[in-house]
Amino acid sequence: MVDENNPVAQVDEVPLDPSKWTEPTEEFPAKLVECRRGTTDDAHGKDGRTFTEARGLPRPSQTFRVTWERLDAVWDNEDGSTSPVKVYLALDLEKYVDGRFISLALSKGNNKPTFTLDQWKKCSGISLAPDPTVNEGGIYMVTRLRSKMFGSVAAKDISYPTAKLPDDYVYKGDVRHIKSQATSLDDAAASVEAESDTAAKAASFDEDELAGLLAGVKADDAAAMTAFISTHKEIPANIRLELVDGGPQKALVEAGKLAVSEEDGLYVLISVA
Amino acid sequence: MAGISDLVPESPQDLGLPHEHWRTHQRETVGHILEAFEAGSKVLLSAPTGSGKTVLGSAAARVQGGNALFLAHTIHLQRQQLRTLPEAKTATGRANHKCPLPDPFEQELTAAEAPCPCQMAKRGGCSYYNQLFECEDADEAVLNYAYAVRVCKASGMKVYEEDLDTGQPTLTSLPNPFVNRDVLVCDEAHLMEHALIDVDTIEVSARTFTQLHIALPVALDLQVWRQWAEAHLPAVSQQVSGLLRTFAANEHPHRDDIRSARRLKAAQNVMLELLRIDPQGVPYFVGRTPSGYVIQPIWAWDTAHSLLWKYGKHVLIMSATIGNPSLTTRLLGIKPGDWQAIEVPSTFPVKNRPVFYWPVMKMNVRTTDRDKFQQVHALAHLAAKFPTSPGVVHCCSYDLGDFLFRNAGLYPSLVSRLLTHSPKNREETFQDFERFPGNRILITPSATTGVDWDFVGWQMIPKIPFPNLGDDITRLRYEYQTEEGEPIGKEVFLQEAALATVQASGRCVRTPTSKGVTVITDSNFWSLFAFTSPASFPAWFKEAVTWHRP
């Protein structure tokens with residue numbers, strides 16, 4: 001039982017220094033599908049422009065590109081099919097400073113490329129060679145760091161192998177099915193707006209149905225109409241707004257579907273097709 | 001060999017629950033809960049909206065073949081649980097029940113003010129006592145936290161029962177109908193800690209003590225207040241017993257005597273509660289309020305430990321936003337190794353509820369108005385992306401809401417869509433927005449919980465809702481460290497911000513078919529999400545988060 005005087009005494013300690021807090025890491029078996037030199041222009045931006053065009057650089061800069069294909073997870077597509085989950089790593093081999101390209105000293109410093117290359121070196125039997133024939137196609141146990149601080153700079157998505165697995169290795173654990181996710185705000189907005197449009201199109205909300213709902217409501221009584229609107233949320237929002245001004249009621253009366261009773265001022269249903 | 005989880009039937013109907021089929025993940029979750037119970041653990045269940053938490057709790061208790069006590073945060077949520085559990089019975093505090101006795105002054109008394117127990121304290125008697133008997137007979141009882149903590153303290157209930165020999169009603173002591181249930185189910189666990197703190201909060205009315213000619217201490221120090229209570233309690237208790245003797249002798253006591261008795265009783269209660277505080281226990285905050293003073297514990301672990309956990313053989317603690325289980329259990333006085341956490345995946349498609357992180361501006365007290373303009377531009381950008389859908393801006397404070405609303409004049413198209421409110425017209429504005437959402441955008445600091453706005457297409461969170469450090473109690477909690485120097489207060493502060501963000505993001509997606517986009521534009525989010533409090537975010541929220549790079 002908990003010591004009543006000090007209930008937190010036996011709890012695992014969380015370090016005071018935020019730099020010592022555990023960062024999210026993952027370990028998984030993966031196939032190395034790409035391991036080669038490349039440039040920043042190998043991938044295009046969403047607008048179709050290359051990195052060089054977007055930044056106005058004189059030429060693309062050199063990178064080292066690594067792509068893993070996870071064996072323990074697949075994407076679930078909407079059509080029921082699955083796609084491989086890929087993990088990408090790009091290391092900058094040079095940077096553009098003051099109008100010229102400077103090669104990064106990969107063996108020095110505290111940065112993402114140096115750290116990653118060191119991790120490759122630690123994994124015996126593997127050399128990180130920028131030659132596609134050396135490592136591509138092999139299966140490795142991979143560690144992925146979502147983020148890591150280098151001094152005050154946070155680097156994202158670092159992956160490196162920790163062991164080489166046999167070439168005939170088959171993953172026998174549970175394969176995680178990851179649901180496909182909205183990847184751009186524009187797509188997500190379009191999806192929501194499409195539904196919103198649908199709601200607007202439902203503005204042709206069946207007139208007869210509306211007439212049926214309005215029957216028994218007092219005409220020319222704002223309070224009665226407000227109460228009607230607040231209780232009939234199945235009517236699309238735009239029509240509910242118009243009902244405040246009386247447009248749809250007037251149209252229904254003119255169309256001969258509703259009338260106002262002279263006796264008590266209530267809407268009366270005339271005919272429903 | 002068959003495990004206990006194999007006892008979960010194919011259909012919830014087989015357990016007497018009013019549903020034909022289990023929802024996705026429900027059946028296996030009940031199995032996991034039962035396995036954890038069998039291992040002797042308390043269970044922390046993180047289950048998102050739509051997972052059917054009440055059914056999960058009830059099913060686990062029913063498979064065990066025992067009776068259960070459900071705890072909800074408010075009376076409103078108690079009623080909501082009753083809709084799912086039609087056979088359950090509920091009980092509320094005395095103040096919610098009218099006393100059926102005629103009052104000499106023709107005032108309507110509540111059971112809290114009445115001279116209980118009278119001869120109506122019996123089965124089929126007054127509504128307060130009757131509900132206690134109903135709960136005693138029912139396999140499932142539903143209480144709110146505040147009442148549960150008070151009622152569980154009672155050793156039993158004093159009621160009138162017919163004497164078997166004489167046939168006369170005799171005052172008898174019956175066991176407490178709420179304790180020693182097989183399963184204790186705590187819902188909305190993220191609100192539980194504050195509900196428990198409220199129970200132990202002592203409010204001192206300066207007016208009451210002025211009328212009694214008792215001077216209150218000036219120092220905001222618990223020790224001084226306890227010494228004051230110790231000094232005055234004997235005299236006050238003597239006066240209370242004197243007045244009670246007068247009442248006993250006089251069938252129709254004077255109205256002024258009754259008022260004095262109430263004041264003296266209130267004063268006596270304050271003093272007794274002050275003396276009940278364990279000076280070696282959790283720290284207390286002593287502060288001034290407009291009507292007097294407030295004395296409250298800053299943590300609830302003592303209360304939870306001493307007043308709740310020992311009353312159920314098995315404990316199930318549930319919430320959509322349970323936070324980091326190891327931190328939450330510490331706050332609730334549950335020792336490490338005495339609990340297991342179970343997380344239920346969301347059944348709502350992740351594509352319907354994306355959360356975009358768009359780092360526009362780091363918002364804090366030092367952010368200048370000029371920088372805050374970036375948030376106005378971001379709002380306009382989002383409004384343009386959602387021209388026909390209604391939106392909500394969770395602005396965290398009225399100040400920021402006012403700033404966004406006033407400065408949206410930069411964008412005439414935006415002005416015609418905006419709607420905001422002050423604390424005074426919040427309800428009316430919410431009703432107006434619900435009635436005519438159109439493509440309007442509501443700027444509000446107070447809709448992160450408690451509203452189901454399925455019709456809302458998008459939400460913006462321009463500022464992470466960190467608790468207000470200008471508030472004395474929040475500051476005291478934030479600065480709290482254990483004797484070993486562990487900054488638990490800071491962790492709680494970050495977790496509260498994380499959970500409020502998750503709660504806000506869930507407002508617009510309440511069913512599997514509804515769609516809603518959340519965009520977080522405060523650059524503080526990423527450090528909270530990835531570094532300082534990642535364990536506080538549930539997996540169903542994490543899987544929906546994507547960076548937005550315009």
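The exercises below, each with a worked solution, concern a predicted model with chains A and B.

Residues are numbered from 1 along each chain as its sequence is written, and chains are lettered from A in the order in which they are written. Local features need pLDDT of at least 70 and side-chain atom pairs count only at pLDDT 80 or more, while totals for chains, interfaces and linings use all residues, and side-chain values use heavy atoms, with hydrogens and water left out.

**Exercise 1.** Describe how strands E4 and E5 of chain A are arranged.

Solution. Begin with the terms: helices (H or I, at least four residues) and strands (E, at least two) are DSSP runs numbered from the N terminus, and two strands pair if DSSP finds at least two bridges between them. Next, locate strand E4 at residues 94-97 and strand E5 at residues 100-103 of chain A, which pair in the antiparallel sense over 4 bridges. In one of these contacts across the strands, Tyr96(A) has Phe101(A) in E5(A) as its bridge partner. Finally, look at the turn: 2 residues lie between E4(A) and E5(A), which form a hairpin, and Asp98(A) in that turn has a positive phi of about 50°.

**Exercise 2.** Work out which strands stand at the edges of the open sheet in chain B.

Solution. First write down the order of the 7 strands, E3-E4-E2-E7-E11-E1-E12, whose pairing is parallel. Then read off the edges: strand E3 (89-90) and strand E12 (339-343) of chain B each have a single partner strand, so one side of each is left without a neighbour in the sheet. Inside the order, strand E2 (residues 68-72) and strand E7 (residues 181-186) of chain B run parallel and are joined by 4 bridges, with Cys186(B) in E7(B) as the bridge partner of Leu71(B).

**Exercise 3.** Find the residues that touch the most other members of the largest nonpolar core.

Solution. Start from the definition: a nonpolar core is a set of buried Ala, Val, Leu, Ile, Met, Phe, Trp, Tyr and Cys residues joined through side-chain atoms within 4.5 Å, where buried means under 20% relative accessible area (1.4 Å probe, protein chains only), exposed over 50%, and partly exposed in between. The largest core has 44 residues, of which Leu71(B), Leu143(B), Phe178(B), Trp309(B) and Ile317(B) touch the most other members. Helix H5 (residues 145-153) of chain B supplies the largest share of this core, 6 residues. Apart from this core lies another, of 36 residues, including Ala261(B) and Trp299(B).

**Exercise 4.** Classify the ring pairs Trp301(B) with Tyr480(B) and Phe529(B) with Phe537(B).

Solution. Recall the rule that rings of Phe, Tyr and Trp (its six-membered ring) pair if their centres lie within 6.5 Å, with planes under 30 degrees apart counted as stacked, over 60 as edge-to-face and the rest as tilted. The structure holds 33 aromatic pairs over all chains. For Trp301(B) and Tyr480(B), the centres are 6.1 Å apart and the planes at 55°, so the pair is tilted. The two residues are 179 residues apart, with Trp301(B) in helix H10 (residues 301-307) and Tyr480(B) in the loop between helix H16 (472-479) and helix H17 (488-505) of chain B. For Phe529(B) and Phe537(B), 5.1 Å centre to centre and 75° between the planes give an edge-to-face pair.
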